Amino acid sequence: MAPQHRERKRFWWYRPAVAAAAVVVASAALAAGPGFAESAGAARTTGPPAPSPTTAVPTPTTSVPASAAPLPTPTPAADAPAVGASAKATPPAFGAFLDSGPLGVARMAQLSSWLGGTELKVAHTYLPGNRWADIEGAPGFLDVWAHWRREKADRTLVLNVPMQERNEEGIGDDEVRSLLRQGAAGEFDHHFRALAERLVALRVPDTVIVLGWEMNGITYTHRCGPDPEAWKTYWKRIVTTMRAVPGQKFRFDFTSSRGRDAVPWTQCYPGDDTVDVIGMDSYDQPTGLSFDQQVREPYGLQQHVDFAKAHGKPVSYPEWGLFRNGDDAEYMRRMLAWMDEHKPLYNTLTDYCPHGVWQCSVNPRSAHVYREALFGRTDTTTPATTPTPSPTPSTTPSPDISPPAETPAATPSDAPASGCTSMDLGSWIESWLGGKLCFSLD
């Protein structure tokens, strides 16, 4: 089978000197309204080809968009569902990855409006893995996400945490093996203690930590394949270190990519005592692979839920979406039904091109399926997270995502513009952005 090329997650960092100007630009971009980003489009770097496994097929790794400012509201493939669809069954706790910085938080409100008011209960972002200072949770990066989580007791914050610095630099197997053994010996414990202390200080001690995700592949320096035993020992050290921080209530999510990939993900499983959730990143690929085949393939969707059940753990889908089969409405329909059936702790759609349905106009049929399934659905389930206080943050976060340079700046105003509907993002975010945002539902 031909190797599948991978995409790498990318992060953009703000310098404090440009933060104020960026806020105004972000406000103008969001005021344009929810919709599809025609070319949601960070440039993607193609990773090395995955090896051809003896069983099943390689699975994807996706890139985090540098910026995907929404454009005007799209016209779905068919008429929008009626508001009366609110009588539909409660969806599993869900969200979408929309941007790794403050724009990602603001876009959740826009996506909710596009879904007829269905509330996103899950926020999902990624710590950059460039240097250890990133992995410790640099000041300003997590503040806006923590505030969103604290606003309501039934919300969940999901944070992907790399296990190594230089995580996307194509480090060779010999060096990865050495790094894993250093981690297993405790040389990096202090970095994860710092992260745990940071999250507790931000009053989000119940964050779901997706640690060392897609470890069964070849993309990341934190991959398992070069030394599975050292990887498992290292995972255990990280979890033990973070759990030792007073006040923490973290849940650790062991998330592989679907299929065998470079190594079977079961060979990397570190044990029930340090795993709280068993996740899977699952995209619609490779070309021509049906959903039924994605279920039945070795280390596929069925084996994932069976393995989790055998270990007494809930499942999750931190990354999922379209990919090599284009605008595949059948995949979208089947994946949503799969999650309705298997009740994951949470799922977060990767929503930018080519994977998404709201910020990507090239997938109108899948967008209609997604919107119809979730439009107007209410959530009356018991909160999955422990309530935490919601005090006003004492510091102003520094955004980490650069808005598009071509977006014209606008003067923020508390009053919505004529012909648009104001969006309630919460007093703290509105204060940070400089006023209310508005959009058109036409």
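**Figure 1. Tyr299, a buried residue with a positive phi.** In this predicted model, Tyr299 comes out at 18% relative accessibility, so it counts as buried, the cut-off being under 20%. Its phi is positive, about 65 degrees, even though Tyr299 is not a glycine. To find it, look in the loop that runs between helix 8 and helix 9 (301–310).

**Figure 2. Arg166, a partly exposed residue with a positive phi.** Here's another non-glycine with a positive phi: Arg166 sits at about 50 degrees. This one belongs to the loop between strand 3 (156–161) and helix 5. Buried or partly exposed? Arg166 has a relative accessibility of 22%, so it goes down as partly exposed.

**Figure 3. Helix 5 packed on helix 7.** Two packed helices are described by the angle between their axes and the distance between the axes. For helix 5 (residues 173–184) and helix 7 (residues 228–243), the angle is about 40 degrees and the axes are 8 Å apart. That angle is why helix 5 is called oblique to helix 7. As for handedness, the crossing of the two is left-handed. On the helix 5 side, the contact is made by Leu180, Arg181, Gly183 and Ala184. Helix 7 answers with Ala230, Trp231, Thr233, Tyr234 and Arg237. Sort the residues of this contact by type and you get five nonpolar, two polar and two charged.

**Figure 4. A closer look at Thr233 of helix 7.** Thr233 is found in helix 7 and is one of the residues that helix 7 brings to its contact with helix 5. Its relative accessible area is 37%, so Thr233 is partly exposed. What lies 3.1 Å from a polar atom of the Thr233 side chain? That would be the backbone oxygen of Glu229.

Figure 5. Which residues of helix 11 (residues 364–374) are buried? The list reads Ser366, Ala367, His368, Val369, Tyr370, Arg371 and Leu374. Follow the chain just past the end of helix 11 and you reach Gly376, with a positive phi of about 70 degrees.

Figure 6. Gln285 and Pro286 are joined by a cis peptide bond, with omega at about -5 degrees. Pro286 belongs to the loop between strand 6 (277–283) and helix 8 (291–296). Cys353 and Pro354 are joined by a cis peptide bond too, here with omega at about 10 degrees. For Pro354, the place to look is the loop between strand 8 and helix 11.

**Figure 7. The protein around these close-ups.** Zoom out and you'll find twelve helices and ten strands in the protein. The chain has 442 residues, and 60% of them count as buried. What about contacts along the chain? Among those with a separation of 6 or more, 82% come from residues 24 or more positions apart.

Technical notes. Residues numbered from 1 in each chain as written. Predicted model: local features only at pLDDT ≥ 70, side-chain atom pairs only at ≥ 80, totals over all residues. Heavy atoms only, no water. Axes fitted to C-alpha atoms, helices over the stretch in contact; angles between N-to-C directions. Helix = DSSP H or I, 4+ residues; strand = E, 2+ residues; numbered from the N terminus. Parallel < 35°, antiparallel > 145°, perpendicular 65-115°, else oblique. Left-handed = near helix turned anticlockwise from the far one by under 90°. Contact = heavy atoms within 4.5 Å. Nonpolar A, V, L, I, M, F, W, Y, C, P; charged D, E, K, R; others polar. Buried < 20%, exposed > 50% of the residue type's maximum accessible area, 1.4 Å probe, protein only. Polar contact = N/O pair within 3.5 Å; in protein donor to acceptor, adjacent residues only side chain to side chain.
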